Structures are given as C-alpha cells and as structure tokens.
Amino acid sequence: MDFKLTKEQEALKEEFEDFFREEMKNAPSEYGHGGLEGVYATEEGFQFHKYMAKKLGEKGWLSRPWPKEYGGVEAPLMEQLIFNEVAGYHRAPGVDPFGIGMFAPTLLVGANEEQKKRLLPPLARGEAFYCQGWSEPDAGSDLASLTTTAVKDGDHYVINGQKSWTSGGHRADHMFLLARTDPDSTRSRGLSMFNLRMDYPGIEVSPILYMDNKYLYNDVFFSNVRVPEYDRIGAENEGWNLTRATMNFERSGAGVFAAAKRTLQEIIDYVKTTKRDGKFLSENPIVRQKIAKLFIDTEVGQALAYRTTWLQQQGGLIFAASAASESKVFGTEFSQRMANYATEIMGLYGQLEESQWAPMEGTMATLYQFCTGMNIYAGSNEIQRNLIAWVGLNLPRFK
Amino acid sequence: MNLDFTKDQDMIRKSVAEFIAKECPYEQVKELEESDAGYSSELWKKMAELGWMQIHFPEEYGGLGDPFMDLMIIIEEMGKAAFPSPFFSTVIQSGLTILEGGSEDQKKELLPKIGNGELIMALAQYEEEASYLPSGINMPAQLTADHYVLNGTKMFVTDANIADKLIVAAKTHDAGITLFLVDAKDPGITCTKMPTIGMDNTCEVIFKEVKVPKHDVIGVPGEGWEILEKISQKATVAKCAEMLGGCKVSIDMTSDYAKKRVQYGKPIGGFQAIQHYMANMQLAYDTSVNYFYKVVWMIDEGMDISQEVSTLKAQVNEAYKFITERGIQIHGGVGTTREFNIALFYRRAKSAEYVLGDTDHHYEKVAQSLGM
C-alpha cells in the first residue's frame, strides 16, 4: 500500500491550489460557504458560479476525466479526487453538480456521437448549466414509479407532468429529464432520458422555499412541452439503466472532508479565542471532546473517500457502488454532526444567521438547517443503507 | 498511490487464516479462556515455527525484517479468531520495547528468543490509580550498590501469569521513570489473575524486595516514559489491527446469521431494520479500517503518527463496541449466550478498549494535538 501522491500529482495539486486561492478572492459575500445555498440562493452567488465555471472551462478542468476526442485528458479518478479536495477546501463553485457531475458522465456512457459532439463542448466550456428532472411529488426514493410522460409525436416527444425538488431549476438553462415513454409500462421499464432547454414553451418553474426561506428547489410543471427526438439520450425505454450509471458518478465526492477540515480549523480558532465564564471555550472538556470527535470523522471519512475512489478506479463504477453509498451516508451525517456540535459549542450565538454578531459568519447556523436536506437528496441515506446491505453485504432483497 | 496489498501480503493473510481456522476454532478459544494459562503452549510453538513472532524484527536479531504492514496483517487475522495468545504482550509490547530501548546485548539475547517462541514476556506499567499518564507510575525502584530493589503493586498486567520475564516501569529516586527487565519467577513476585470481561490473562503483580541488577535497566535510567510512549504508538496500532479483525468477523458472522435466521417466513436479513443496522456496522468498519491502513503505511514510511494514533484508537474503540453490540442485537437471544461466538467479540471489544488508552484518553490527546 502506498498513500503517497506522485510528483505529477503533487504538481497538479499545487496548480489547482494556486488557481482556487487566487480566484476565490472574487467571491461575493452572498456566496457564503458555497454549496447549493451559495450557488442557487442569490443572483450574486449564481453569477460567481458562472464566472468560475467559465474560468475552469478555459483551464480545461471541467472535462479532465473525459476521453480526448471530447476535450478531456482522460484524467484518472484519483486526479479528480485531488481536484475535488482542493476545490472543496476552497469552497469553490464552478463545477455544475448536475451538468458536469451527472449529465456529462451519462452522455459519455449512453449518448450517440452527434449528441456527444453537440452537448459536451458547452459543458466543458462552463457555459451550459443543468438541473435534474428526476424526482416527482409521488416518486422520491421510489424513483421508478414516476409518471411524467413523453409521448412520441412525429419527430418530437410531448412532455406532460410535474418534476419536484429540482435544485437550481430557476437558474439552470437546461434539464436532463427522466420520463415515461411507454404509457403501458410500470416501474423502471419504459423510461427514457431527455436533454431539454428550460425556456421551452410549456415549462413552468415555481419555488419550493427551504426552511430558512432560501430559494434552492423548484417544482417544474410540463404542459405539452415539445422536445425534439434527437435530444432523447440512449434508446427509447432504456433510460433507467442510464440513471444507474449516473448515480454512481455522483456519490463519491471527497471534497466534503477537505472542506470540513477547513471549517473545523475555523471552529478551533473560534473556541481558542472566545471566553465564557472566565475561561476559553477550548478549555472546556466537553468542547474539546466534541472537536476531537469531529476531527476523527474528517480523518476516517477522508480515508473512506480515498478507498471509494480507488475502488472506482480499479474496478469500475458499478463495482464500487456500495463504497460510494457509504461515502454519501458518512459525509452527509458527518456534516450534520459538525453543524450540531458547532452550534452547541457557540451557545446562544449558535442560532445567529447573517449578523455582525454571528460566529463564523453564521455558516454553522446555515449548515444546521441545510444538513437535513443533505441526508435526503441524491438518494436518501435510507436508500443508501439499503444499497450497502444489498450490494455490499449481499443481504436478501425482498420484492 | 496504490491502495492494494501486495501478492505476498495476500498470501500471508491467507496462510494465517488457514492455520487458525484449522488449529484454533472458537470452541477451543473458549476452552482456553477458561484455563489457567489462557493460551496453548503447543499452538504458540507452531506459530513460532511459522515465523509470525520474528517477522518484523530486524535480521541481525534473528528476524525477517518485513514491514510493519505484514505484521499487522497477521494480527488482523489473529483478531478474527479471537486467538488467545501472549503475542501482543510478548512480541509487540515487550519485543518492540527491547528493540527501541534495549542495549545491544539485550537485543541479541532476547529478540531471537521471542522470535522463536522460547520467551514469553509482559509489560507492567499501570498501578492502582489506573492512569495512562506518566503520573500514574509511582512504584519505587531503590538503588543500592549494584542493583535496584522494586517494591509495590502493578495492575492490569497482561500475561504476567505465563511470562518468563517482565518489563517493569518504576521510578528511581533521582532519574524518574525507568524500565527494568525482571525475572518473572523471582520469589519476591506474586501474580494473581483478575477476572475480566475479556476472560484474558489480566493480572495483579505484587513486587516484594525484588532485586534487579543494574545492567537489566532498559535504556538509561529516566528514559522509561519516552520509550513507553514511542512503543505505545506502534503497539496501539497493533491492538487496532486485532480489534479490526474482530470487527470484520463480527460483521461477517452476523450477516451470515441474518441470512439464515427465518422469522415471518423470511430471512431476517431482508428486513430493513436489520439491513440498516448492518449498513451502519459496515460503515463503522470501513471508515476505521481504511484509516488504519493509512496509519500503518505512515509507520512503514517513518512518519510521525502521534496525532493519527489517538485518532485511530478512539475511532476503533467505538467502532468495535458498536459493531459487536449491534451484532448481538441482530442475533437476538442466542447472541447473548456462551455458545454463540458474537458475544466473544463483544467481550473482547471491552477489554481492547482499555489497552493503551480508552476513548476519552485519546479524545483528549487529539484535542491537544489540534493546539487546544
């Protein structure tokens, strides 16, 4: 075993470091600590996201893992992990979680040549921004039960139905959509995937406000929306298999722990400089223990993320499905522990949001609220645990 | 970067697993637990023949000079078997102490004997107060003309009842904490086994006017704590290897049981409540074990692991208890019996938790390492 980065990897890391350190100086205050809130809640945040996407596109870093013929350098997943760690540490936006994180890998697996040539370059340049049209009001964890229809009409499909929990639907210019193309089908058979523009006639986007009143999620209504046939990705009625591939790309981020290490350092700085009852918070044994626990989580979580990426690189993405689910569960529930501990340590100040009095600019108060969503989105942690049990432990799956 | 084992390491793992499966099934583990000696001298000899004890010692002391990782693989597999033997006290705690702090003569004399299974040793550190810190070592070592005289009581000394020699941490009047090599059969020594959850060889050892020649000091007088601390890092990691072996086998046996046990006409492993317990157990294991390999790699690279070792032990302490406790819950009533093996590991998790620092001790060390 060897955990050392190669000289080339070290050099790459430094290049990423230099870039993000410099560019993150341009972040507006509205962007906060980033994440979906930083990117989607305010116009300023989203503009900064777009600015960074463009910059990353110029560097060629959005498409690094892709095959050469589509503008990539076929960078191994370990290099992607290094990129994600550095970007995570700097809390940097610019990598569209849906376009770059999910749809591009789907295109590479399932699109035809014409679609790859047409759809990948704008993604690589950081010019196309996507949202994900999968969940519906009655199809969440049970995604295969979705009812939005796509009915063939000449060389178009006509879409009707409702998508829900669409993160950034009000900001994105594109969506990748999962809809039922075979009306007589049930469950996962008879679904197809589509690429579409959000300004097509018949699309209506309406906000679902988060508990902190921030605007991140949407309902998206489709009434007779016409999507050209050439924007169906993969064969008709074969969309489900594409979602499986996509989901594996999505769940292995290591950036969470790099970001968390920085946040934890800020918490440590806070407790070392804040006095209560005549003593620094850092002298309180309960505070010390909470911080030690968080540190341990960042260390072991990072080791798990490396393992996940290593497995993905060695055995392919499907092989590592269980490890990826473990990373998702651990990363999100760790973020929740961090939010809980931090706001507990802060005492009364832990409840303050954007205020001059708020410790750490209120980011922990934001995380306290946002972390609940993290446990649910991108495959709820219950579904992830099912997967760990089925795939990782080979436990029986009742139908 | 390469996170796979070498082919040789895979082979070591396989051969250790095969040997243990054949030679020491769980029924025998439980019999040994109930015996006075707490181990099988016959098996101990066979292990020595296979080279397990000498694998990490340098070649000049009769060892094979293999990396720490190889040794950890052996211990992981022994952990899976809950294998009762004085391996940890002899090879790890005592062997590494001699290797680190011993004189050339001591190394040449003792390490080959440990390596070939002739010598069993134990480390006597803790006292009545049961502190992990240097302030907990207060047993006096009085210097006379040509020897030291030890008087006092050492507690929680593992394998003292079967040891040929002890390493005793005591305090000299002028130099402070010093390590002494003591003949365990000295008439001034009284050793009593203490009944523990782990049913292991935990002993109370009383020293009455025990004379130790000056040349049986390990290192120089006053250097004792420094050596102990250095060794305790590697030893803690080695204990974690054993614990992680226990975690892994506990998950495996629980998963097997959940697939076989039928209720409501179905194997209980198909029920979500059970599946989510199992997923949490697997997660606790995978986070721990991957970090563990990283720390072992750091040791082989000669890196400083003072922060990592506490991080690891605190993590593994909690993971082991969690996994084995849920393991019993999933087994249901039979999980609580002497007959079923999951409880064996539940008990081992408790005894291992205390070895070289409990969770609270290591949380505090992590906090200190973060500058608090």
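Mentor: In this predicted model, the axes of helix α9 (residues 285-315) of chain A and helix α10 (residues 321-345) of chain A come within 10 Å and cross at roughly 160 degrees. Axes are lines fitted to C-alpha atoms, for helices over the stretch in contact, with angles from 0 to 180 degrees between N-to-C directions. Helices are DSSP runs (H or I, at least four residues), numbered from the N terminus. Residues are numbered from 1 along each chain as its sequence is written, and local features need pLDDT of at least 70.

Trainee: Why is α9(A) called roughly antiparallel to α10(A)?
Mentor: Angles over 145 degrees count as roughly antiparallel; the crossing is at roughly 160 degrees, so α9(A) is roughly antiparallel to α10(A).

Trainee: Which residues make the contact?
Mentor: Contact requires C-beta atoms, placed from the backbone, within 7 Å. Among them are A:L294 and A:L304 of α9(A), and A:F330 and A:F334 of α10(A).

Trainee: What makes up the contact of α9(A) with α10(A), by class?
Mentor: Twelve nonpolar, four polar and five charged residues. Asp, Glu, Lys and Arg count as charged, and Gly is among the polar ones.

Trainee: Where are the domains of chain A?
Mentor: The domain assignment gives domain 1 (7-95), domain 2 (131-237) and domain 3 (251-392). The centres of domain 1 and domain 3 of chain A, taken over C-alpha atoms, are 21 Å apart. Their contact takes 14 residues from domain 1 and 15 residues from domain 3.

Trainee: Which helix gives the most to the side of domain 1 of chain A that touches domain 3 of chain A?
Mentor: α4(A), with eight residues.

Note on methods. Chains lettered and ligands numbered in written order. Predicted model: local features only at pLDDT ≥ 70, side-chain atom pairs only at ≥ 80, totals over all residues. Helix = DSSP H or I, 4+ residues; strand = E, 2+ residues; numbered from the N terminus. Parallel < 35°, antiparallel > 145°, perpendicular 65-115°, else oblique. Contact = placed C-beta atoms within 7 Å. Domains from an automatic or database assignment.
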